[in-house]
Amino acid sequence: GAVHAPGMTCGHSRVRGAEPEPVDNVTSAAYRPNPPQVVRETNLDLLTTCGKDAWLASNKNLEAQCGQYDQELAATQAKIEDVNQFRKHSQKRGATEMLQADAEWKELCKKNLAIQLEIEKMEREVKKRRVMDV
């Protein structure tokens, strides 16, 4: 019999009720050119209709655009590096501050403990003297 998996029921019912796609749509999708093919066809059309000078001018324009994109990329990468360096220095400063604050907190805890011990010692001494005075 048929295997009934819980995750497959939704997809199976969708496929069962689906209309078949027309063959023309399937074959036309298979023959659609991809972007590099479109560029090649454009270059060939330009070369055949306008001659090599127009094609060379188009290539020169594309090279200029590419150079501009390379400059924008370099500028963006420089900005990213600046932000990363700033973040790194901020984190190092923060780490130093955290270590100092931690050391101060530990020292204050030690002092508080010492004070608490002295208070308890004094309270015992006071109780001891009161007992002796009575």
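A residue counts as buried under 20% relative accessible area, as exposed over 50% and as partly exposed in between, with a 1.4 Å probe and protein chains only. The exercises concern a predicted model, in which local features need pLDDT of at least 70, side-chain atom pairs count only at pLDDT 80 or more, and totals for chains, interfaces and linings use all residues. Residues are numbered from 1 along each chain as its sequence is written, and side-chain values use heavy atoms, with hydrogens and water left out.

**Exercise 1. Describe the secondary structure and the confidence of the protein.**

Step 1. The protein has four helices and zero strands, where helices (H or I, at least four residues) and strands (E, at least two) are DSSP runs numbered from the N terminus. From the N terminus on, the order is α-α-α-α.

Step 2. The mean pLDDT, which is the predictor's confidence in each residue from 0 to 100, is 82 for the protein, and 75% of the residues reach 70 or more.

Step 3. Where pLDDT is low, the predicted coordinates should not be read in detail.

Step 4. Of the 134 residues in the protein, 1% are buried.

**Exercise 2. Characterise the packing of helix α3 with helix α4.**

Step 1. Helix α3 (residues 35-50) and helix α4 (residues 52-133) pack at an angle of about 140°, with their axes 6 Å apart. Axes are lines fitted to C-alpha atoms, for helices over the stretch in contact, and angles run from 0 to 180 degrees between N-to-C directions.

Step 2. Helix α3 contributes Asn 43, Leu 46, Leu 47 and Cys 50 to the contact, while α4 contributes Lys 52, Ala 54, Trp 55, Ser 58 and Asn 59.

**Exercise 3. Find the salt bridges and place their partners in the helix.**

Step 1. With a salt bridge defined as a side-chain nitrogen of Lys or Arg within 4 Å of a carboxyl oxygen of Asp or Glu, the count comes to two.

Step 2. Asp 102 and Lys 106 are joined by a salt bridge at 3.4 Å, N to O; they stand four residues apart in helix α4, so about one helical turn separates them. Asp 102 is partly exposed at 34% relative accessible area, and Lys 106 is partly exposed at 46%.

Step 3. Glu 125 forms a salt bridge with Arg 129, the closest N and O atoms being 3.4 Å apart, and these residues are likewise four apart in helix α4, separated by about one helical turn. Glu 125 is partly exposed at 36%, whereas Arg 129 is exposed at 52%.

Note on methods
Contact = heavy atoms within 4.5 Å.
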